[in-house]
Structure formats: structure tokens, C-alpha cells
Amino acid sequence: MITPRQKEAAVELAKILDIPHGYILQALVMIEKKSAYWIRKIPKESGGERQIQKALRPLNIIQARIADLLYPYTISEKPENNINHSFVAGRSHRTAILPHLQANAFFSFDIKDAFPSTRRKQVFFTLRMIKFPEIGFSEEVADLMAELICYTPSGKPEDGFLPLGYTSSPCVFNLILRRTDDVLAGFAQKRGYQVSRYVDNFAISTTEERIPEIERKDAIRIVESLGRYNIPEEKTAYWEARKGKVHFEFLKLVIEETKEGERVINVADERLGKILWAILGALEEKDYSKDTFASIRGKISYLKSIYRRQGLPLPEEISEPFAKLKAMREGQLQNRLV
């Protein structure tokens, strides 16, 4: 049931977002009835399943407006502290690895279950802390916003969390990690390190021979303590250049050194193998459906963007089977028109 407090907050938030307050009231009713979103599960690359929640209208419209509203607050006032490369204009997974191109020691780690472990209470307090426009959101408005951008399966506020799939989740996650980014950037700058983040993946590197273990632990401690997240050992990786051999992996990309001593960024063999496997699987099963082809085409576009940056063509081991799949897909569409 919508409370009088929520009704008042809905009027205020509607003015801020420039939408009819009826949208917000309708969304609250749908959330209570669990009809404001659809849920599906997708396989994780590491095994198991990941649950995705996608908001329906009008909740998705509200979330998009909230994301637009919050976006400026995800950017640090100090340019040197903007280590985040995810969901930021002009940045991507490619720009996230570039600062580490000349590294001799490379440390990466990522947060376990980053979005689901971001609790509604954490979202609420983060919203209360930002200065919009000068004095910040009221407690009532911040609580209402948290209700609209968090997923609460039990209906109890204390069980709410930031879901995968909501339009607003990436922006809210960046907002929550802004203070962590600032502190981690300062940590790196004092030591002459390079640091970057892409969603919940962090990378720290140095042109020196090594990053001491105690400093690697300190970096993890910063993220865990400020964000209240968990970074288990299996979510960490550390490499050092050995006798001219360079191989640093981050975001399924890899920094390597050619025989001529030039540093290049390639796609990790693991990712190439998975994409090739997906193409061959579709050909074997004669699955030329729109969803399957769109999924594979998206992966191919990603690969092309990496190789194009270095003036290289797509590897034949990928381009040839994809061309065959594309031809089979087009042939199927032509047969439907006959």
C-alpha cells in the first residue's frame, strides 16, 4: 500500500524528474504486485546462473530519468581521480586497459556479486549524501528513489539490492563507488601507479618490476572497507614481466609485447575460443535465429573494434565461420520471402 509519505515524495520527485507523478504512483503499485519487471536467468561464464531483472513501463522511464539526473554526480571534481571507464561518455573497456600498456607489473581484481551485494540501505545513504542541487535530496525522496531503483524480492526494505538489468543500476553503482575511486586514485598517485576501473573490475600497474604484496592487499582493503564489498582471492590476479615476456589480462583483453619490443593489446585466447565455439555451435545446430545471430554479431563487433584500433583485420579463424553463418542467416531470410 502506498503511504501518505510516499505520495508526498512522489509529487516532489516527479517535479525533479519532470514526469507526471502518476507514473511514480503506478510504478509503486506495480512493484507491490511484483508486476513492474520481468525476471530471467542467464548462464555465467564462470558457471552457474545470473539473475536479470528488467523494469517495465513506467518504471523503466523513471529509472532512465533518475540515471540522467545522477550521472553528473558520478564524475569526480578532480580529473585525475576519474579512474572509472564504465558507462562514461567517451570511455570503454578499451580505454580502461590503455593506461597499463607500458606496465611491468600488473594487478587486477574484481568484486564478487557486485550489484546484488549493493544493498538498498547503501543506495539510500549515497543519495542522501550528494548535494542536489545544493542541500541534497530529502529523506523521503531518497527513500522513494531507492524503492524505485532497487529490487526487493521479499517486499522488506532491508532485503533490497541493486539489480542487474535495471536501466539505473550502472549509474547508481558508479555513484556509490565514486568515493572509492577517489581514495584508490590517491593511493595509486602517491606510489606512481596507474589505476583504472571498469564496472566492478579494477586494475593497478607500475613500470617498476613489481607491486609489493602488502600494497596489493591495501588496494583490496580500500575497496572492501569503503564499499562494504567482498573480493575473494580467486577474484584477483597478478603478473610481472619476465625477461621481456609480457602477458597481462584484463577484461578479456591482453597486453603483450612483440618480438620488436612493441606493446600491443589483443583479445585473450579464451574469449576468441568462446566466440568461435558460439559460431560453430550455431552452424552445427542450424540456429540462424534473430536472437542467436544478434548475440554473435555483437561479439564480432567487439572484436573488430579491438583489432581495428591496431590496424589489423579480424582473425580468419573467426571471420570465415562468421561469414558462413551470416550467409546462412541471409539465405534463411530470403527463403521466407519466396
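Six residues of helix α1, namely Q6, A9, A10, L13, A14 and L17, are buried (under 20% relative accessible area, with exposed meaning over 50%, using a 1.4 Å probe and protein chains only). Viewed down the axis of α1, these buried residues fall within an arc of 140°, so they line one face of the helix; the arc is taken from the directions from the helix axis to the C-beta atoms. The model is predicted, with local features requiring pLDDT of at least 70 and side-chain atom pairs pLDDT 80 or more, while totals for chains, interfaces and linings use all residues. Residues are numbered from 1 along each chain, and side-chain values rest on heavy atoms, without hydrogens or water.

On the face of α1 turned away from the buried side sit the exposed residues P4, E8 and K15. The cover over its buried residues includes α2 (21-32), α3 (59-70) and α6 (139-149). Helices here are DSSP runs of H or I with at least four residues, and strands are runs of E with at least two, numbered from the N terminus.

D18 is exposed, with a relative accessible area of 63%. V199 likewise has a positive phi, near 55°, and lies in the loop between β4 (194-198) and β5 (201-206), but is buried at 14% relative accessible area. Finally, the peptide bond from R57 to P58 is cis, with omega near 10°, and P58 belongs to the loop between β2 (49-55) and α3. Most residues other than glycine have a negative phi, and most peptide bonds are trans.

How values were computed
Contact = heavy atoms within 4.5 Å.
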